[in-house]
Each structure stands twice: as structure tokens, then as C-alpha cells.
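Open the model in your viewer and keep the selection panel at hand. This tour moves from stop to stop and says what to select at each.

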Amino acid sequence: MYAYDEIDRTLVNERVSEFRDQVQRRLSGELTEDEFKMLRLQNGVYLQLHAYMFRVAIPYGTLASNQLRQLAHVARKYDRGYGHFTTRQNIQFNWIKLSDLPDALADLAEVGIHAMQTSGNNMRNVTSDQWAGVAPGEIEDPRIWSELIRQHTTLHPEFSFLPRKFKIAITASDHDRAAIKVHDIGLRLIKSEKGETGFEVLVGGGLGRTPFIGKTIKHFVHGRDLLSYIEAILRVYNQYGRRDNIYKARIKILVHELGIEKFSREVEEEWQHLRNSSLQIDDEVIEDIRSRFIYPAYEKLPHMPDELRQAAAEPDFEAWRKNSVAPHKNPGYSIVTISLKPIGAPPGDATAEQMDALADLADKYSFGELRVGHEQNLALPHVAKRDLPALWKALDKLGLATPNVNLITDIIACPGLDYCSLANARSIPIAQELTRRFANHELANLIGRLHINISGCINACGHHHVGHIGILGVEKNGEEVYQITIGGRADESAALGNLIGPGVKFDEVADVVEDIVEAYLALRERPEELFVDTVKRLGVEPFKERVYATR
Amino acid sequence: MPLVNGGKIADDSFVKLAVDTPLPESGDILVPAERFLSDADALLKRAGKVGVIWPNNRDIAELVPYLGKIATVALVFPNFRDGRAYSQARLLRERYGYRGDLRATGQVLRDQFVFMLRAGFDSFEVKKQADAEAFMLTAKRYSVFYQPTGDGRITALHRRMQLRHSEGVGT
């Protein structure tokens, strides 16, 4: 956990009072809706189909139990008793009243939570690996650097009015859980030959209507130069990114139009001016930030405690343990993923009661800490193995022990036409139907790792391009039509999925997915060959044949 | 449109010239970049101060040879969503060492003041009277700044370092 100091707290409070003043000026009519729109978007407030939607940042996915309790409080007091976790380590409240927003923000500020730059054309919430600091084999905790970037990007005087939104993600593990290749800037923490911390910097990744996988712009940027290098990229983008067409305004289009070589030359030239400036970070600064991350005092505990041995006789516990429990860097502990994807429910939602209960469980079993991942699930990052059976029982009572993490029912979906004013088609009902089709745990387990991503419009908030199976809802002649892609992935081998054929109607989507899955089960070389690997080996054709043979 | 200068509403001594407005004999003038560059020597010789209105899509480096001779640079915000002039302002102040007056023009509203001050602006053609009147109050809204810019405000990182060192004394 990062602990805010007085300086951080002051800034958050100053932002709350500024926003209160902005809302007041809107309510009094002093600001037009057009003027206010820009200001509310700088602070995570969208106007949706039915109400204002309020997006709150959970920087790099780290959350303390008291913060989660306060999110539950906001859900209960100002919303309809639930919140929705997003694919970028945010939580959204869908029914909040404009006049209540300043109070909700002030309540959140009490626990060091804010909504700064969770929307708008600025540098968005910095995201990272939800297992940061606990994953075995991690080079070092990327959250130190994430926090450095969080501070540097907050209310930035030069880059708060960019051509378009700008997202940064960081990972420090070989396995990329932060989807860095589909971010405007992706940072992979590495060590130089001399053992110095630095970053491989990727640029120009992104989804939306023109998806691109990010390209490496520099193989090694020393940690001390991280801010100046990011600043150089942003300065080039701020000046030359397109502002004539909102659909061509992301940095990926600039990188694509200039070519990565020319773009990187521009950045390099700018960086030569900036690298020896006050943006250079010395070790002392990094140590200061590190010192405000609180790490648990782990006990020396057995790798295989009696409690775990005994519980192994319980099949439901074992199914959950095998699915949701991952190795921790400390052998007596585990990382526990909490699926927010129960069968038949909207992906990523949690009720206020669940949030409160999870906060209690985090206090009891995870040193008061939780994580939020881009898959719209939560995690308890430091659970002693002896506590796993008790934790499972408690989660099961709360409806939070669905053993489907990374399985076909662990679906990522945007809010879609049920909430969003941009959507052309429904997403959540598709996800709900799919979870019912594959509700049988043995079947889902037999299929193995398979990510389905659903977006209700071309803006791709459900990251459909990088789903193993991607489902994109569009509107055609007044009807919802769904285009289906296969073979996408968002990890270190990120790739965009390929279309399997013509779009299908709402009622047919689940049938088509079943056909694709049946084809995979028949085609895979062995049970360990993942769906996405079979697609890579065989291409789209055999799946296409299977789906369209009878349609 | 009120001008805020030195934190207060002030008179604007400058007259803005279009590309083809006849040149007044005397008095302070603000000239579009193109006209200025094509006739800089003559303009700088006449009595009265000269300022340049620089568009946000033209390389500010072109103005560098004249920075010691002009009285003001007016940068343009065609609308408040368009933030290119923030970069131009910082380049002028921090890279090219410009110390003269730097004016924000266009859609300049209250909620941009702090960003603009931090980027190096010191005068503001404010769209709304009420915003101009609220300038001082708004400018003091924030006391914490995370980024180093040329405005000299101390950053959060440096404050922490100072605190650390002062706490370190005697321990």
C-alpha cells in the first residue's frame, strides 16, 4: 500500500474544492453545459443514457480495506448500492446525482481516493500488474514507478488538454497482466547489464476503431530518465497529434502516420533537451516513494499447512483453489483472485455489502490490502495458505467463490447499451447468456483458459480485439449485429483477433460461441493446447467453416 | 474582454492588427506572426511596443531571433480543449529563455488559469468578466504541484526531500 502524506492529501482536497466550485457554477447556470463538460470529464463524470456516471481511480489497482469500505459507502449513499469495476483499474457508479458528486468526492478524499483524470483528453489513471509486489519472479515492484508517474501526470500543466486520452501501463513480470501492448505508452521494467533499473518503452498501442499493437520506441530508458522520456513523448504528441478528427487523434495514429522511426527521432530530439533537466529522478526520490509503500510483515509459514491438506478432500474447495489461487513470492502465502463473474450476472459488479465484507476479509486474511485487475476481478494479494479454507468458506457465502477465473465465463464486457450513451448494442445480456451456457464447471474446466471480451460499440471498452474470442456489437439497419473475432490476446504476445465471417444476430451469439468452442475441442492437439494456440496453429478457416456451415 | 496582468484587471495598451490593417503611426501593436516575420525590421523600428500573435500550429522556434526585441508574445487557445499553446509557452520560457510578457488569448476561462500560470503565462485575455474578477482567488486554489516547470513553484518531490533533510538533522 502507498500511504498518502500531507502533500498528497492537500492536493486531493484542493481538487475536491475546485470541483465543488465547478459544479456550483454549472448548477447556477454560470457555466454552459459545453464548458462544464470539459471540466467534469477531467474528473471522471460522464453523462450516460440515464444519469451521470462517476468513474473513480484505483491507481495501479492497489486498494486498502478502508478505501473499499468508503467505495461501498459511496455506492450505498449516493448510488444504487453497487459499483462496477472496469478494465482499467477504476470503479464506476452509474446512478449518481450531479449535486451529490462533490460530497461523494469529499468522502472518498478522506481515504485518499480521487477521480482525477479518469476521463477526458488527459493522462489517465496509471495501471499496472494487479499482482505487483507479490508475483514470483517479478524484477521489482512496478508500483513505485507507477506512483511516481501518477504524481507526475496529475494536473499536469502542459498535458491536460491533449488531442485525446492517454493511457500508461507498467509491468515488471515476464507474463504481462497489465496489457501494456495496447496502451498509449507501455512500460516493461527491466534491468540493464549493469543491474540498473530501466524500462523498455512501447508507444502507440490501443484499441478503439483503429486497433494497433504498441511498438518499441526505445529498448532501454534508465529509471532516472523515465519522466523526461515520457515528457518528451507527450510534448511531441501534444504538438503534432491530430486535432481535426476525434477518431484520428490518439497517439497511435500519429505514430502510424509518421512511422515509428520518424516518431522516435522526434522524441529523441526533444528528449535531448529534457533529459538533464529537473525531471531527472535521483535515487533518493525513488527511495522516498518506496518508503511510503507499506509491505506486510510476512511470517515464516509452511508451504503445505495441515489446514490445506485437510481441505483438499472437499471437491468444491479444490476446484476453487486450483482455479483462483496463484503462487506468491513468499511460499507460505498465496494470491487469491476473487471472481466478480458469477453465473448470470453482469461482469465486474460488486454490491456495497460484498465490498464491505471483502474489506473485512482483507483485514482478516490479507493485511488489509486488495487489488483490482483489468479482467474486472479483485484479488487478495497476501493470504496465508493455512487461511485458504476459511477464506473460501467466507467467499462462498458472499457469492464470491465462483471458480471461473480465466475460464470461458470470466468474461470482460463493457456496460453496453444498458447504460452507455455511445453503445450501439447490448453487452451485458450477451455475457450473462454465455455464462449460463457454460455454467457447468467441468465443461468450462475442460475448455481451459479462454478469454471472451465483449464491446457494445467500436470504441472497444470491452477490449474485444484482444479477446481470445472477441465480440463486437454494432448497429445495422436498426438491429444489433455482432461481429466475432478469434485469436486476439492482450498479454506479452499481444495480437489482434481475426474476423471469422459475417456478423450474427443477438440471439445467435451464444450459439456461435458454442460452435467455436466445439470446433476447438475437436481440433486441439492435446488438452493443454489453449484455444488461442489452436487458432494460431490452424488459422480462422476451420472455425469459420464450423460456424457458417449450418448458417 | 478584460485583460488580467500582474494578477489584476489592467488596461490593454496594445492594439491588435490584422494582416492588412494599416500600421498606426505610434502606440503599442500586436501583429500576426506572418506579418511580423515578413516585416520585422520596419515594425521594430517604429515608436511603440511590438507584440506578436503566434498561432498554435507554427513552430515557436522561428520567433527565437526576435525574443529580445519584442514586448509580448500572444499565444492562442482557439478553444480550451486545444492545449498546444501550453507546450509553446513552456518552450519559450524554459528552453528559449524568454522573459518578456506572455499572453494567453482565445478561449481563456477561469479553470485554465493555474495550468497557464504554471506553463509561464503572465497575462490573460479572459473571456468572461466574472472569471477575470476571480483571477487572484483561482490562482491560489492549489498549493501543491507535482511537476517542475519554469514557474519556480516548488514541487511536491522537492518539498519531501527538504522535509526529509530537515528531519534528518540531529538524528
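Select chain B. Of its 171 residues, 37% count as buried (buried means 20 or more other C-beta atoms within 10 Å of the residue's own, exposed means 12 or fewer, partly exposed lies in between, and C-beta atoms are placed from the backbone). This is a predicted model, in which local features need pLDDT of at least 70 and side-chain atom pairs count only at pLDDT 80 or more, while totals for chains, interfaces and linings use all residues. Residues are numbered from 1 along each chain as its sequence is written, and chains are lettered from A and ligands numbered from 1 in the order in which they are written.

Stay on chain B. Its C-alpha atoms fill a box of roughly 70 × 35 × 30 Å along the principal axes. Color by secondary structure: chain B has seven helices and eight strands (DSSP runs numbered from the N terminus, with helices being H or I of at least four residues and strands E of at least two). Now consider contacts (C-beta atoms, placed from the backbone, within 7 Å). Among those in chain B between residues at least 6 apart in sequence, 46% join residues at least 24 apart.

Next, show both chains. Here 30 residues of chain A are in contact with 29 residues of chain B. Which helix of chain A gives the most to the side that touches chain B? Select helix 1 of chain A, which supplies six residues. Helix 1 (6-27), helix 2 (33-41), helix 5 (143-153), helix 6 and helix 9 (283-291) of chain A each supply at least two. By class, this side of chain A has nine nonpolar, twelve polar and nine charged residues (nonpolar: Ala, Val, Leu, Ile, Met, Phe, Trp, Tyr, Cys and Pro; charged: Asp, Glu, Lys and Arg; polar: the others, Gly among them).

Now pick Ile233(A), Ile516(A) and Val73(B). These have the most contacts inside the largest nonpolar core, a set of 205 residues (a nonpolar core is a set of buried Ala, Val, Leu, Ile, Met, Phe, Trp, Tyr and Cys residues joined through C-beta atoms within 7 Å). Helix 6 (residues 226-240) of chain A gives the most to this core, with nine residues.

Zoom in on Ile516(A). Beyond its neighbours within four places in sequence, Ile516(A) contacts Ile469(A), Ile486(A), Phe543(A) and Val547(A).

Val512(A), Asp515(A), Ile516(A), Ala519(A) and Leu523(A) in helix 16 meet Pro542(A), Phe543(A), Arg546(A) and Val547(A) in helix 18. By class, that contact has seven nonpolar, no polar and two charged residues.

Move to Glu480(A), in strand 19 (residues 479-486) of chain A. Glu480(A) counts as buried because it has 22 C-beta neighbours inside 10 Å.

Finish with two loops. Select Asn477(A), between strand 18 (469-476) and strand 19 of chain A. Its phi is near 50 degrees, a positive value in a residue other than glycine. Is Asn477(A) buried or exposed? Asn477(A) is exposed, with 5 other C-beta atoms within 10 Å.

Then select Phe367(A), between helix 12 (352-365) and strand 14 (369-372) of chain A. Phe367(A) is not a glycine, yet has a positive phi of about 50 degrees. Phe367(A) counts as buried, with 21 C-beta neighbours inside 10 Å.

Methods. Two residues are in contact if their C-beta atoms, placed from the backbone, lie within 7 Å.
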